[in-house]
Amino acid sequence: MRKTNNKLRTIAKTTISTVLASSLILCAIIGFYYVKLPDKFYLSHDGSISNFEIDTFFNISADAQKDSTEALAVYNDDGSDNEVDLQLFGMFSIKRAELERIERPLLIPGGMPFGIKILTDGAIVTELGNVEGESGFVTPARDAGVRPGDVVVEVNGFRVQSNNDVADALQAEPNKAELLLIRDNAQLVIEVTPVRSVHDERFKIGMWVRDSGAGIGTMTFIDPANNTFAGLGHAVCDIDTGLIMPLASGEAVRVYISDVAKGYSGAPGELCGTFLSHLTLGQIKRNTASGVFGISDSSAMENSDNADIELIPVEMAFKQEIQLGAAKLLTTVEGNSPREYEVIIEKIDFNDNNQIKNMVIKVTDNELLSNSGGIVQGMSGSPLFQNGRLIGAVTHVFVNDPSRGYAIFAENMYRETLEIAAQADNENSPLNCEGGVR
């Protein structure tokens with residue numbers, strides 16, 4: 001009898017330990033997904049919650065039955081946002097997320113290379129150095145607290161955007177240099193004492209600035225509903241400081257790709273091309289972490305030189321509809337004609353804190369691997385498709401493996417174009433016209 005009781009106690013202890021361990025593992029999984037899953041999703045007006053699933057290692061679905069209204073399962077006539085209950089294995093609640101119903105966007109895919117020409121809003125400090133004055137070498141700007149990456153907006157009350165502007169302002173009032181700077185999105189004023197250079201007798205403060213930038217990227221899409229465009233998938237950054245270049249104005253023009261520098265492990269490749277400045281694609285209005293965005297020039301898109309571009313809209317996929325596995329990459333490695341290539345989606349990251357590295361992709365197309373080695377600089381913005389829908393765009397290449405890289409969700413770029421369209425509407429509104437309502 002005693003042996004039987006000991007055996008039962010052993011079984012009970014083992015069972016309790018197993019249950020506790022399983023509970024801890026379950027809590028850990030739920031906690032992981034609570035952090036990793038986004039707080040907001042898009043869903044089309046005719047979309048059903050019953051089909052809402054997220055392609056992750058464990059099954060994540062949405063339960064409409066636990067919500068208080070049937071509006072989650074069918075279109076809500078008043079257009080209001082709803083919430084959705086995200087569940088693990090259809091049983092364990094992870095979190096509630098906001099659900100915004102919208103008309104599924106129809107976007108014209110890009111894939112064509114384009115030239116990016118940007119003028120900065122202010123002058124970016126790229127380097128601080130010595131000035132040789134009568135007393136020897138000094139570093140006025142550095143000593144006063146100026147840093148590389150600061151954006152100089154004014155010098156002694158004069159608006160500046162270039163190195164020449166800064167130099168002219170210093171010569172106008174050589175006894176002082178009051179700099180209005182932007183640093184970490186905040187304004188600050190720094191006073192610097194200029195020094196007369198023994199080499200050219202001009203007053204200097206030992207500060208070099210940049211006022212423009214240019215490069216090649218790939219157009220991701222054009223939204224025919226509001227005439228906006230999106231490209232690149234990441235910001236245009238200053239080559240010296242690595243910071244996002246503040247935009248005053250910019251232009252997107254067509255590019256003809258003449259050659260490809262093939263990428264190898266440790267040496268990213270590059271698209272080499274010529275700017276076709278007479279073929280303007282549009283005006284760049286925004287340079288953000290998610291790419292460059294602007295208003296498209298429809299007449300340029302319809303130019304006879306662009307007859308190789310099919311202006312046929314496709315549906316945009318929402319992030320929860322993207323799946324691991326086969327996809328298509330639309331890009332240009334010769335001339336200005338985009339072509340489709342085979343890729344694989346290897347990983348999907350839904351974390352809201354990661355706005356551009358949402359997917360890991362791998363090029364599997366032998367022709368593209370042979371021509372370019374995979375992803376090269378200039379392909380950023382190349383659109384990705386799955387099941388006939390636009391899912392995202394290439395953003396970065398893995399330096400040690402050019403066949404692989406990161407990609408951004410299409411909806412993250414689409415959200416930026418909506419803000420540009422809203423801004424354009426406000427600027428054109430009679431309420432904002434000089435002189436009041438017309």
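Guide: A pocket is an open set of grid points with protein on both sides within 12 Å along at least five of seven lines. Its volume is the space filled by probe spheres set on the points. Keep in mind that the model here is predicted.

Visitor: How much space lies in the largest pocket?
Guide: About 730 Å³.

Visitor: What makes a residue part of the lining, and which ones are closest to the centre of the largest pocket?
Guide: A lining residue has an atom within 4 Å of a point. In the largest pocket, 28 residues line the space. The closest to its centre are I216, H234, A235, C237 and Q377.

Visitor: Which strands supply at least two residues each to that lining?
Guide: β16 (207-223), β19 (270-288) and β26 (389-398). The largest share, 6 residues, comes from β16.

Visitor: How do the residues of the lining divide into nonpolar, polar and charged?
Guide: There are 16 nonpolar, 9 polar and 3 charged residues. Cys and Ala count as nonpolar, so C237 and A235 of the lining fall in the nonpolar class.

Visitor: Now the barrel. In what order do its strands run?
Guide: β22-β23-β24-β27-β26-β25, a closed barrel of 6 strands with antiparallel pairing. From one strand to the next, the twist averages 45 degrees.

Visitor: How do you know that β22 and β25 pair?
Guide: Pairing needs at least two bridges. Strand β22 (residues 325-331) and strand β25 (residues 383-386) have 2, in the antiparallel sense. They therefore count as paired.

Visitor: How many bridges join β22 and β23?
Guide: The antiparallel pairing of β22 with strand β23 (residues 339-348) spans 7 bridges. A326 stands opposite I344 in β23.

Visitor: What about β23 and β24?
Guide: They pair over 5 bridges, again antiparallel, with β24 covering residues 359-363. The bridge partner of I348 is M359, in β24.

Visitor: Last stop, helix α3. Which of its residues are called buried?
Guide: Buried means under 20% relative accessible area. In α3 (residues 163-172), V166, A169 and L170 are buried.

Visitor: Why are they said to lie on the same side of α3?
Guide: Because they cover an arc of only 100 degrees around the axis. An α-helix has 3.6 residues a turn, so residues three or four places apart point the same way.

Key. Residues are numbered from 1 along each chain as its sequence is written. This is a predicted model: local features need pLDDT of at least 70, side-chain atom pairs count only at pLDDT 80 or more; totals for chains, interfaces and linings use all residues. Side-chain values use heavy atoms; hydrogens and water are left out. Helices (H or I, at least four residues) and strands (E, at least two) are DSSP runs, numbered from the N terminus. Axes are lines fitted to C-alpha atoms, for helices over the stretch in contact, and angles run from 0 to 180 degrees between N-to-C directions. On a 1 Å grid over the protein atoms alone, a cavity is a set of points where a 1.4 Å probe fits but cannot get out, and a pocket is an open set with protein on both sides within 12 Å along at least five of seven lines; lining residues have an atom within 4 Å of a point. Buried means under 20% relative accessible area, exposed over 50%, partly exposed in between (1.4 Å probe, protein chains only). The arc is that of the directions from the helix axis to the C-beta atoms.
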